[in-house]
Amino acid sequence: MEMTPEIASRFANIALGHVAKPYPYKDDHVFESEADLRLPQTAHPCFFGSFDWHSCVHSWWMLLTLRRLYPEAPEAAKIEKLADATFTQEKLATELAYLDRPSSRGFERPYGWGWLLYLHHEAARHTDKPWSARLEPLARAIAARFKDYLSILTYPITVGTHFNTSFALILAREWAGERDPELLAQINTWAQSAFGNRSDYRGWEPGGDEFLSPALTAALLMKHIMPRDQFAPWFDALVIVNGWIERECRPVTVSDRSDGKIAHLDGLNLSRAWCLSEIGRALGNHPAATLIEERAKAHLDAAMPHVAGDYMGEHWLASFATLTLLSRTDLAHR
């Protein structure tokens with residue numbers, strides 16, 4: 001399965017239906033005083049939709065990506081119009097002011113940070129629009145926070161939820177590659193120290209509310225950092241030799257999609273498919289290539305029917321499906 005114009009239109013319409021939908025909304029806010037009482041859209045005039053800030057950010061990443069890849073789609077004009085109204089200097093200045101509050105030091109760290117940089121990375125590809133220039137101050141502020149954070153983060157956070165370090169660094173690293181050599185080098189050095197000597201993964205994945213694979217996100221990060229002749233044996237030692245991919249890495253069951261935490265597991269199926277597809281491409285003609293592709297396809301097939309249906313998944317799953325489908329689509333099209 002690859003991204004198609006039909007799937008792109010479906011996903012775009014899903015996101016257009018919620019990126020500017022103010023309620024329900026899960027606010028992540030530290031109240032400093034009674035003066036902090038306000039509506040979410042007052043503090044976050046750009047990212048007040050999609051149930052929470054980070055989901056709104058990565059839904060916007062998806063919308064801009066689809067606008068670029070399918071400019072003739074009827075949804076492209078709708079995306080452009082809404083983005084013009086959303087990414088204004090005034091609104092983005094308000095978002096930056098919120099980030100600069102002393103009590104916002106940990107706001108959306110690191111998941112939302114990674115996605116904001118990835119959104120800016122995508123916006124820069126839309127050279128006909130001012131979105132990238134307007135997003136840049138917010139992106140630069142978050143890049144500076146990543147540098148500070150990595151300087152004090154002694155140990156990687158390997159849960160499969162928003163606090164996962166590897167996933168955020170995968171996104172941040174792609175942004176930094178063209179814009180911030182210092183951050184790029186810091187990510188590479190930190191990741192090598194955190195994961196370079198890891199092997200024989202025996203974690204109890206999956207957790208009941210996880211949408212990321214601790215093992216596979218770390219592996220995908222290292223895929224970007226290690227030369228292929230080093231990455232292949234490292235990956236073998238992590239999850240192939242011990243049989244983890246064959247034995248444990250199978251699609252997970254989602255028992256109740258109306259429960260926001262349990263619905264995360266549809267995202268685990270999608271993010272595993274994304275990691276496996278990207279890793280499989282990097283490994284090329286590898287002895288486990290067939291197994292890796294079988295597992296990637298099985299996870300994708302398990303999740304795709306459930307991208308829409310209940311808002312607890314619908315407000316974010318399409319963007320993860322887009323990551324996955326693009327990883328399986330002709331690279332020239334990405």
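Reader: Is H3 mostly covered or mostly uncovered, and how many of its 17 residues are buried?

Author: This is a predicted model. A residue is called buried when its relative accessible area is under 20%. By that cut-off, 16 of the 17 residues of H3 are buried, and the helix is mostly covered.

Reader: What span should the 17 residues of helix H3 have, and how far apart are its end C-alpha atoms?

Author: Helix H3 covers residues 53-69, and at 1.5 Å a residue it should span 24 Å. Its end C-alpha atoms are 25 Å apart, which agrees with that expectation.

Reader: Let us turn to open spaces. What volume does the largest pocket have, and which residues lie closest to its centre?

Author: The largest pocket holds about 530 Å³ of space. Its lining consists of 26 residues, and those closest to the centre are Lys-26, Asp-52, His-54, His-162 and Lys-261. By class, the lining comprises 10 nonpolar, 9 polar and 7 charged residues.

Reader: Which element gives the largest share of that pocket's lining?

Author: H3 does, with 4 residues. Helix H6 (111-123) also supplies at least two residues of the lining.

Reader: How many cavities of 30 Å³ or more are there, and what lines the largest cavity?

Author: A cavity is a space where a probe fits but cannot get out. Here the count is 2 cavities of 30 Å³ or more. The largest cavity has a volume of about 50 Å³, and its lining residues include Ala-8, Leu-66, Arg-67, Tyr-70 and Ile-79. Helix H1 (5-16), H3 and helix H4 (74-86) each give two or more residues to this lining. Its classes are 7 nonpolar, 1 polar and 2 charged residues.

Reader: Which residues line the second largest cavity?

Author: The residues are His-44, Trp-53, Glu-95, Leu-99, Phe-107, Leu-138 and Ile-142, around about 40 Å³ of space. Two or more of the lining residues come from each of helix H5 (89-99) and helix H7 (131-152). The lining has 5 nonpolar, 1 polar and 1 charged residues.

Reader: Now the charged pairs. How many salt bridges does the whole structure have?

Author: A salt bridge requires a side-chain nitrogen of Lys or Arg within 4 Å of a carboxyl oxygen of Asp or Glu. The search finds 22 of them. In one, the side chains of Asp-27 and Arg-38 meet at 2.7 Å, N to O. Both residues lie in the loop between H1 and helix H2 (40-43), so the pair ties together parts that are 11 residues apart in sequence. Asp-27 is partly exposed at 30% relative accessibility, and Arg-38 is partly exposed at 23%.

Reader: What does the salt bridge of Asp-128 with Arg-67 tie together?

Author: The closest N and O atoms of Asp-128 and Arg-67 are 2.8 Å apart. Asp-128 lies in the loop between H6 and H7 and Arg-67 in helix H3, so the pair joins parts that are 61 residues apart in sequence. Asp-128 is exposed, at 51% relative accessible area, whereas Arg-67 is buried, at 10%. These two residues also belong to a salt-bridge network with Glu-80, Asp-84 and Lys-129.

Reader: How many residues apart in helix H7 are Arg-140 and Glu-136?

Author: In an α-helix there are 3.6 residues a turn, so residues three or four places apart point the same way. Arg-140 and Glu-136 are 4 residues apart in helix H7, which means that about one helical turn separates them. They form a salt bridge whose closest N and O atoms are 3.1 Å apart.

Notes
Residues are numbered from 1 along each chain as its sequence is written. This is a predicted model: local features need pLDDT of at least 70, side-chain atom pairs count only at pLDDT 80 or more; totals for chains, interfaces and linings use all residues. Side-chain values use heavy atoms; hydrogens and water are left out. The expected span of a helix is 1.5 Å times one less than its number of residues. Buried means under 20% relative accessible area, exposed over 50%, partly exposed in between (1.4 Å probe, protein chains only). On a 1 Å grid over the protein atoms alone, a cavity is a set of points where a 1.4 Å probe fits but cannot get out, and a pocket is an open set with protein on both sides within 12 Å along at least five of seven lines; lining residues have an atom within 4 Å of a point. Grid points are joined across faces, edges and corners, and a volume is the space filled by probe spheres set on the points. Ala, Val, Leu, Ile, Met, Phe, Trp, Tyr, Cys and Pro count as nonpolar, Asp, Glu, Lys and Arg as charged, and the others, Gly among them, as polar.
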